Amino acid sequence: MAPERRTATGDDDGAERLVSPVCSHTEWDPLEEIIVGRLEGATIPSDHAVVTCNVPTWAGRLQGLAAGLRYPRLLVEKAQQEIEGFVALLESLGVTVRRPEAVDHRRRFGTPDWTSRGFCNTCPRDSMLVIGDEIIETPMAWPCRYFETHSYRPLLKDYFRRGARWTAAPKPQLTEELFDPDFRVPGPDEPMRYILTEFEPVFDAADFVRAGRDLFVTRSNVTNRMGVDWLRRHLGPGYRIHEIASRCRTPMHIDTTFVLLAPGKVLINPEYIDPGRLPDVLDSWDVLVAPEPDPIGERLLKVTSMCGKWLSMNVLMVDEKRVIAERHHTGMLRALEKWGFEPIPCDLLHYAPFGGSFHCATLDVRRRGSLQSYVD
């Protein structure tokens with residue numbers, strides 16, 4: 001089916017119509033163009049409470065001591081080799097790959113209320129959300145990521161000139177009113193609570209996944225209810241946003257919790273998701289339960305990873321059948337085969353200290369498909 005793309009015109013005097021190069025409605029339509037993040041200039045993020053609230057206390061203290069320093073060369077070199085191999089794989093599959101500019105993230109910046117150093121531009125999935133022919137810059141809650149999309153501006157301007165819609169959500173103030181000063185991670189039997197207040201809308205795009213006219217979101221320590229409401233109103237009545245209840249005590253990003261694989265097939269994290277509490281619109285879907293992740297033997301990687309063990313779920317769909325998955329996680333590869341998919345093993349294990357794996361490291365800009373509804 002031909003892609004459904006909105007056209008843009010210049011002036012009212014019959015200027016040439018532009019066909020948007022941006023068009024992506026789902027997580028699984030055939031992939032044509034993608035943005036892949038960069039490691040150059042990556043800097044250990046700040047020790048702000050919204051950054052350290054998701055890690056153990058000892059790790060937060062270590063991060064505070066190292067904040068603003070370059071990542072160790074040993075970590076960068078291994079991850080760099082893997083990300084280049086991933087790019088080569090995508091290109092061999094006929095996918096156009098675009099990259100952001102390299103940035104010196106150690107440079108200090110700020111607003112009238114605060115200053116910070118940067119982080120990295122390894123994960124375009126967090127700072128930008130593609131809905132149809134529109135790219136939305138998201139209002140992220142980490143101060144160190146405030147200007148992260150600037151490294152993607154040459155790409156965004158190019159897409160806009162060629163016909164894409166380009167929107168930026170309201171830039172947040174990120175003052176102390178946004179963060180709960182008394183926050184602590186809730187225990188297993190305690191009511192859920194988040195470090196974010198409802199002072200202003202904030203969200204990371206990686207807390208959302210797309211199934212045509214339906215989006216699914218997890219509320220988290222980087223996405224508040226006001227942020228979800230902003231996106232719901234911005235998209236209007238043509239879309240529905242459904243919240244996924246997560247049992248994770250330190251939630252951040254949906255793509256290791258609830259992963260859309262194909263029409264009618266969703267992969268869930270058995271530690272975080274109760275299948276009986278999924279939205280009713282998924283009643284006709286096959287709910288696939290992720291296998292226990294293979295253990296990571298490399299001690300340095302276990303200590304420095306910014307992600308939990310369920311990064312094995314962080315896969316990238318090339319189309320409804322083919323899926324790029326981490327070579328190390330053989331249990332996941334076998335499960336995908338059993339469920340009727342065609343896994344393509346690839347190495348990206350050492351990307352974890354920089355924020356994720358295949359889904360996190362990418363932003364699918366164009367997939368061949370049209371806007372449809374896939375749920376009851």
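Which residue in S18 is the bridge partner of Val-323? It is Pro-343. The model is predicted; local features need pLDDT of at least 70, side-chain atom pairs count only at pLDDT 80 or more, and totals for chains, interfaces and linings use all residues. Residues are numbered from 1 along each chain as its sequence is written, and side-chain values use heavy atoms, without hydrogens or water.

Strands (E, at least two residues) and helices (H or I, at least four) are DSSP runs, numbered from the N terminus. Strands pair if DSSP finds at least two bridges between them. An open, mixed sheet has 3 strands in the order S16-S17-S18. S16 (316-317) and S18 (342-346) each have a single partner strand, so one side of each lacks a neighbour in the sheet. S17 (residues 322-326) runs parallel to S18, joined by 5 bridges.

The largest nonpolar core holds 45 residues. Such a core is a set of buried Ala, Val, Leu, Ile, Met, Phe, Trp, Tyr and Cys residues joined through side-chain atoms within 4.5 Å. Buried means under 20% relative accessible area (1.4 Å probe, protein chains only). Phe-86, Leu-90 and Ile-324 touch the most other members. S3 (31-36), H1 (49-52), H3 (73-92) and S18 each give two or more residues to this core. H3 gives the most, with 7. Another core, of 37 residues, lies apart and includes Val-266 and Met-313.

Asn-121 sits in the loop between S6 (115-116) and H4 (124-127). Asn-121 is buried, at 0% relative accessible area. Its side chain makes a polar contact (N or O atoms within 3.5 Å, one able to donate a hydrogen and the other to accept it; residues adjacent in sequence count only if both atoms are side-chain atoms) with the side chain of Ser-151, at 3.1 Å.

Conventions. Buried < 20%, exposed > 50% of the residue type's maximum accessible area, 1.4 Å probe, protein only.
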